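Hi everyone, thanks for coming along. I'd like to walk you through one structure today, so please have the viewer open and follow with me.

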Amino acid sequence: MTTQTPMPAGDVVRAGRVDAYLKVLGAPLYAADRSGPDLLYAMLAVATVGKGRLSRIDAAAAAAVAGVRLVMTSQDATGLQAAGYSFADGYGYQSLQVMVDDHIAYRGQPIALVVADTLEIAVEATRLIETDYEPEPFFVTLDDANAAPIPVSEAVPIPHYADKVLGDADRAFADSEIQVDQRYETSPQHHNPMELIATVVEWRGDTLVVHEGTQNAGGVQNGLATVLGLDPAQVEVHSPYIGGSFGQKFALGHHTPLIALASRSLGRPIKLVRPRAQIFQDASFRPASQHRIRIGGDRSGRMVAGIHETVHQTSRHDMFPSSYTEYSATMYGWEHYRGHEDLLQLDTPTPGYMRCPYDHIAAFSLESAVDEFAALVGMDPVDLRLANDTGADAVTSLPFSSRYVAECLRRGSERFGWSSRPLQPGTIVADDGSLVGWGVALGSYPAQLSPSMVRLRLEASGQATVSMTGHEMGQGIRSVVTQQVAEALGLPLDRVEVLLGDTRAAPQHLTAGGWGSASSVAPLRRALDDILAQVRSLNGGRDVRQSPHEVLAAVGRDAIEAEARYHGPGQEDEEAYAALDSGAILPDGPVYPEFTSFSYVAQFVEVRIDPTTRRVRVPRVVSVVDCGRILNPVTATSQIWGGVTWGIGAALREQSEVDPRFGGVLNADIAEYVIPVNADIAEIDVEFINEPDQAFNTDGVKSLGNVVMSGVAAAIGNAIFHATGRRQRRLPIRLEDLL
Ligand code: MOS
């Protein structure tokens with residue numbers, strides 16, 4: 001296996017991230033970096049109506065361009081089976097099958113594939129494809145949808161998505177002396193990682209080899225096998241490095257089976273990189289949502305009743321479930337609570353995960369409402385949150401496996417200097433006339449576990465190889481595993497090779513939801529324990545005083561191996577490992593048989609608002625995070641910087657401008673879809689509680705990648721209120737909202 005570039009020896013790798021040096025050199029190969037003399041280039045042509053029927057497609061002119069090798073339309077792409085929907089026992093990012101009939105579900109749906117000698121020729125030829133459509137009416141925003149909301153509890157009838165009910169929240173709210181009843185709204189947003197969606201496919205005999213930056217190599221493998229009628233063993237997916245993915249590259253896309261088919265008929269490898277405009281049209285994204293929050297309580301600041309009702313967008317063809325009320329049901333010690341979630345079907349692609357799905361949005365809604373409650377009571381918002389802290393998951397009555405919310409708030413207040421904050425809004429003015437505001441919000445994210453596997457090999461030469469479930473998206477899983485193995489086996493870091501994101505190494509799960517590291521360290525620990533036990537036994541049962549591999553050398557063994565699997569405490573072996581082997585998405589939690597598990601964060605934010613232009617800047621953020629034990633402070637801190645940065649973007653910049661007249665997204669590039677740049681991001685001060693959660697996980701590790709974004713948008717909105725006295729109830733918050 002040669003997918004991983006070997007690590008250089010010496011001190012350069014002793015920093016927190018074992019592949020940092022190689023990345024700076026540009027050495028790791030990402031999917032689109034694959035090249036070769038044989039390679040052909042593909043491009044997709046996409047539908048240019050909002051919805052309807054493709055009544056005519058004529059590819060003659062495209063096929064006649066010199067250098068075009070193949071043009072595939074629905075007339076040629078025959079025999080493809082449906083991949084299904086990954087949240088409904090399938091593998092696709094959505095269930096919709098493209099290029100199998102004349103149905104157009106949304107603007108930007110692929111209608112033809114062109115393969116050519118160069119990218120330029122492929123692009124040129126797609127432009128020459130002639131089409132006629134019979135348009136149909138369509139609905140792309142929550143406001144103009146002419147559809148009835150579908151309760152999530154009916155769309156996905158499993159306990160996880162049931163309405164959450166505790167006591168009689170409506171009555172308790174009605175009886176409360178202090179009431180907040182507000183609506184919050186969030187816009188659709190699209191992922192814009194540096195690495196575009198990109199795939200290189202090649203056939204080696206009957207084996208399909210796929211190089212694709214995906215966080216779900218197992219799903220892509222099994223999905224391709226389904227679509228193309230292959231045995232999964234005939235499909236290899238290699239995804240050793242991913243140039244950014246927080247939910248976008250979570251399942252099989254439309255393009256991969258099409259180029260696999262084309263590659264088989266042409267007998268040549270094919271590369272397809274989807275242009276950035278197409279990832280706004282035909283890929284996963286964060287759906288639009290609406291929330292009504294009611295909080296009832298008393299003048300002492302006690303919040304007694306909470307009601308959270310939500311609507312979020314899904315597609316006509318799939319039910320992408322939502323879990324917003326998981327946040328609001330568990331964050332405070334409600335005596336009465338009611339959570340209900342609805343889906344609204346729109347004529348768009350199926351939305352999906354985008355960093356901190358649900359909880360970033362739920363935190364914006366609930367934590368803004370809590371700030372409104374604190375203002376009505378006249379209480380400091382940190383004190384109010386401390387007064388409403390809880391030790392148990394109110395709806396299930398289960399204890400939390402660990403929860404350091406109060407500690408996060410106290411340490412954050414201290415680091416931020418919160419005690420000097422005036423209660424009255426609009427009272428701090430900077431020397432340059434800027435209005436200054438300080439805001440706080442809590443955030444949480446479920447701590448989940450996905451079935452996973454580790455195979456460990458230790459050689460007498462002192463080389464260790466880990467073949468494992470999991471993907472490296474830049475979050476640092478390769479670094480964490482390398483360091484754990486090196487430490488346990490007494491090896492230098494450069495003698496540990498980690499093979500991941502590769503279906504040849506181990507069955508691959510969807511690495512997402514913050515469950516990557518927590519799910520991997522448990523089987524890794526078991527495999528390490530097994531190796532150490534084997535070494536001890538080879539050593540005649542005596543304690544090993546030298547490095548383990550030296551024992552192997554001494555007794556003349558070339559190598560020993562260990563393999564371990566693991567799943568969460570709420571799952572049965574058979575079901576869990578069948579899901580792992582088949583590429584199905586099956587995380588466990590956050591409600592386990594004996595406890596409920598979340599990671600937590602307290603976000604403190606300062607905003608400065610220009611008195612004339614109303615431009616909002618965020619000069620400093622303090623994030624205090626309870627995510628269990630920290631495995632690697634460098635990669636963990638970097639996750640927080642990234643999550644807070646994304647939170648600032650989500651709060652103040654990012655909005656996919658959906659076009660209700662023609663469908664699609666108007667600002668489909670990063671010139672007009674505005675993401676934060678360096679000048680937008682100032683100080684992000686990070687502290688970890690770093691208390692191992694021994695109930696949750698053998699290593700005490702909870703989830704990290706998503707929780708760090710939770711609460712950022714709410715803290716910014718609350719800080720803007722503190723600066724101006726004006727509430728912000730819609731994301732993103734724009735200049736025009738502050739004029
Ligand atoms: Mo995810 S939203 O890929 O953790």
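First things first: what we have here is a predicted model. The mean pLDDT of the chain is 95, and 98% of its residues reach 70 or more. The stretch to be careful with is residues 1-13, where pLDDT stays under 50. The model does give that stretch 33 contacts beyond four places in sequence. Still, where pLDDT is low, the predicted coordinates should not be read in detail.

Now, on to the sheets. Please find the open one built from 5 strands, in the order E19-E20-E25-E26-E27, with mixed pairing. Which strands stand at its edges? They are E19, residues 428-429, and E27, residues 683-688; each has a single partner strand, so one side of each is left without a neighbour in the sheet. Further in, E25 (residues 598-609) and E26 (residues 616-626) run antiparallel and are paired over 9 bridges. If you want one to click on, Gln 603 has Ser 623 in E26 as its bridge partner. Helix H12, residues 405-416, packs on this sheet and touches E20, E25, E26 and E27. The direction of H12 makes about 25° with that of E25. Helix H9, residues 324-331, lies across E20 and E25, and runs at about 100° to E20.

There is also an open sheet of 3 strands, ordered E4-E2-E6, and here the pairing is antiparallel. Its edges are E4 (103-104) and E6 (130-135); since each has a single partner strand, one side of each is left without a neighbour in the sheet. E2, residues 52-58, is joined to E4 by 2 bridges, and the bridge partner of Gly 52 in E4 is Ile 104.

Let's move to the packing. How many residues does the largest nonpolar core have? It has 163, and those with the most contacts inside it are Leu 113, Leu 208, Ile 295, Val 607 and Ile 716. Helix H10, residues 359-377, supplies the largest share of this core, with 10 residues. Apart from that core lies another, of 27 residues, including Val 454 and Ala 562. Going back to Ile 295, its contacts include Phe 173, Met 303, Trp 334, Leu 366 and Phe 373.

Let me stay with H10 for a moment. It has 19 residues and spans 26 Å from first C-alpha to last, close to the 27 Å expected at 1.5 Å a residue. Of those 19 residues, 17 are buried, so the helix is mostly covered.

Among the residues Val 200 touches are Ala 31, Arg 34, His 211 and Lys 271. For a sense of scale, Val 200 and Pro 381 are 181 residues apart along the chain, and their C-alpha atoms are separated by 52 Å.

Thanks, and I'm happy to take questions.

Terms used: Residues numbered from 1 in each chain as written. Predicted model: local features only at pLDDT ≥ 70, side-chain atom pairs only at ≥ 80, totals over all residues. Heavy atoms only, no water. Pairing = 2+ DSSP bridges. Helix = DSSP H or I, 4+ residues; strand = E, 2+ residues; numbered from the N terminus. Contact = heavy atoms within 4.5 Å. Axes fitted to C-alpha atoms, helices over the stretch in contact; angles between N-to-C directions. pLDDT = per-residue confidence, 0-100. Core = buried A, V, L, I, M, F, W, Y, C linked by side-chain atoms within 4.5 Å. Buried < 20%, exposed > 50% of the residue type's maximum accessible area, 1.4 Å probe, protein only. Expected span 1.5 Å × (residues − 1).
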